[in-house]
Amino acid sequence: MVNPSVGATSQWSCPSNIALVKYWGKKIGEQQIPANPSISWSLSDLKTTTRVTIKDSGNFGFEFVLDGKAKPSFEPKLHEFFQRIMSYCPWLESVSLRIESSNNFPHGTGIASSAAGLGALACCLVDLETPMAESLDWQKVSFLARLGSGSACRSMFSKPAVWGESTAVEGSSDLYAVEMQGSIHSSFSNWEDCVLIVDAGEKVVSSTQGHSLLSNHPYAAARFEVASANLSTLVSILREGNVAEFIKIVESEALQLHAMMQTSIPYYLLMRPNTLAIIEAVWKFRAETGLPLCFTLDAGANVHLLYKCEKKVDVMNFVESHLLTYCESGRYLCSSIGGAPIRITNE
Ligand code: PMV
């Protein structure tokens with residue numbers, strides 16, 4: 001590890017990710033440790049690009065700019081992140097940073113950018129402290145990203161990423177994500193995610209608040225057990241190629257995530273009527289066509305449709321003819337599954 005000097009700079013893009021088995025709830029009294037293991041796919045076409053430049057030496061400080069504009073509303077979360085990682089990157093104590101970020105997806109789409117954003121920032125920090133390294137220390141990148149936003153630690157890998165200890169995944173850890181080892185069945189190569197934008201507004205309850213409501217939740221213990229079991233089953237499914245079983249777990253996970261929100265105290269809803277209308281339309285379409293299209297949700301009203309690329313024409317016809325009516329301003333965004341952070345050089 002070196003102390004980067006004034007003027008040193010690093011720029012990375014990092015994909016977002018969508019969980020197949022959800023992280024919802026943290027271990028009480030610990031820092032960003034998940035209550036159950038989770039697994040995700042990265043979304044290579046929904047990404048954040050971030051440049052970090054060492055502006056000055058002296059005391060720690062930073063300025064944050066999103067799409068060329070200062071964003072004071074992001075500063076508290078970033079302050080907390082830097083406090084948490086300072087002891088792992090002690091050189092930060094005596095530098096001030098300029099952080100310039102941009103997302104390649106539009107604002108106000110209700111798509112969480114924190115995973116891609118914290119992922120890209122962690123890449124830049126590890127790159128700055130190890131400028132001569134041939135490749136980044138991905139374990140450290142994931143470890144740091146986790147301290148900014150839990151799900152961000154899973155954005156570093158093009159294969160499915162597992163975060164949280166599980167006997168089903170060798171080397172898995174609560175502290176960082178690992179890439180699923182070994183071969184994945186060809187039934188699960190070349191998938192896509194089409195995110196249907198149901199509600200582009202701010203969420204009524206943030207993820208941070210949502211996680212904390214699990215600490216006093218009547219069904220938390222059962223949920224954590226089911227999630228761990230679902231993770232083990234899904235890992236086998238990804239190896240063996242049973243798409244019908246994949247769909248059952250992925251859709252059940254999405255509905256369980258929202259069921260936990262709806263049964264928290266206080267309870268709340270992030271689904272909208274159009275979220276449900278889309279889910280029912282997907283089930284009807286699948287029953288009528290036999291096409292393996294499934295949905296998942298993150299902590300919001302938008303619906304992620306997952307399907308194999310080779311079915312794209314059929315799926316997009318269905319989206320255009322039946323689902324656009326449920327999307328805010330008819331909007332949706334598609335991404336390939338997979339993808340990892342990329343270093344951006346100016347040449
Ligand atoms: O990383 P956070 O704290 O924003 O939590 C995200 C949780 C979900 O997106 C709902 C699920 C997951 O595993 O990504």
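Start with Arg-154. An N or O atom in the Arg-154 side chain is 2.7 Å from an oxygen atom of the ligand. That is a polar contact, meaning a pair of N or O atoms within 3.5 Å; within protein, one must be able to donate a hydrogen and the other to accept it, and residues adjacent in sequence count only if both atoms are side-chain atoms. His-211 also uses its side chain: an N or O atom there lies 3.0 Å from a ligand oxygen. Tyr-23 uses its backbone, with an N or O atom 2.9 Å from a ligand oxygen. How much of the ligand does the protein bury? Taken alone, the ligand exposes 380 Å², and the protein buries 90% of that. Those areas are Shrake-Rupley values with a 1.4 Å probe; for residues, only the protein chains shown count as cover.

A word on the source. This is a predicted model: local features need pLDDT of at least 70, side-chain atom pairs count only at pLDDT 80 or more, and totals for chains, interfaces and linings use all residues. Residues are numbered from 1 along each chain as its sequence is written, and side-chain values use heavy atoms, with hydrogens and water left out.

Now the shell. Residues with a heavy atom within 4 Å count as near. Among those surrounding the ligand are Lys-22, Trp-24, Ser-149, Ser-207, Leu-257 and Ala-299. By class, the shell has five nonpolar, five polar and two charged residues. Here Ala, Val, Leu, Ile, Met, Phe, Trp, Tyr, Cys and Pro are nonpolar, Asp, Glu, Lys and Arg are charged, and the others, Gly among them, are polar.

Next, a sheet. Four strands form an open sheet in the order E9-E10-E8-E11, paired antiparallel. Strands (E, at least two residues) and helices (H or I, at least four) are DSSP runs, numbered from the N terminus. Two strands pair if DSSP finds at least two bridges between them. At the edges sit E9 (294-296) and E11 (332-336), each pairing on one side only. Three bridges join E9 to E10 (residues 303-308). Cys-294 stands opposite Leu-306 in E10. Helix H8 (residues 312-323) packs on this sheet, touching E8 (191-196), E10 and E11. Contact here means heavy atoms within 4.5 Å.

Which way does E5 pair with E2 and E3? With E2 (residues 38-57), E5 (residues 95-103) runs antiparallel over nine bridges. Asp-56 has Ser-96 as its bridge partner in E5. With E3 (residues 61-66), E5 pairs in the parallel sense over six bridges. Val-65 stands opposite Glu-100 there.

Last, two backbone details. The peptide bond from Ile-265 to Pro-266 is cis, with omega near 0°. Pro-266 lies in the loop between H6 (243-262) and H7 (273-289). Gln-32, not a glycine, has a positive phi near 55°.

Definitions and conventions: Axes are lines fitted to C-alpha atoms, for helices over the stretch in contact, and angles run from 0 to 180 degrees between N-to-C directions.
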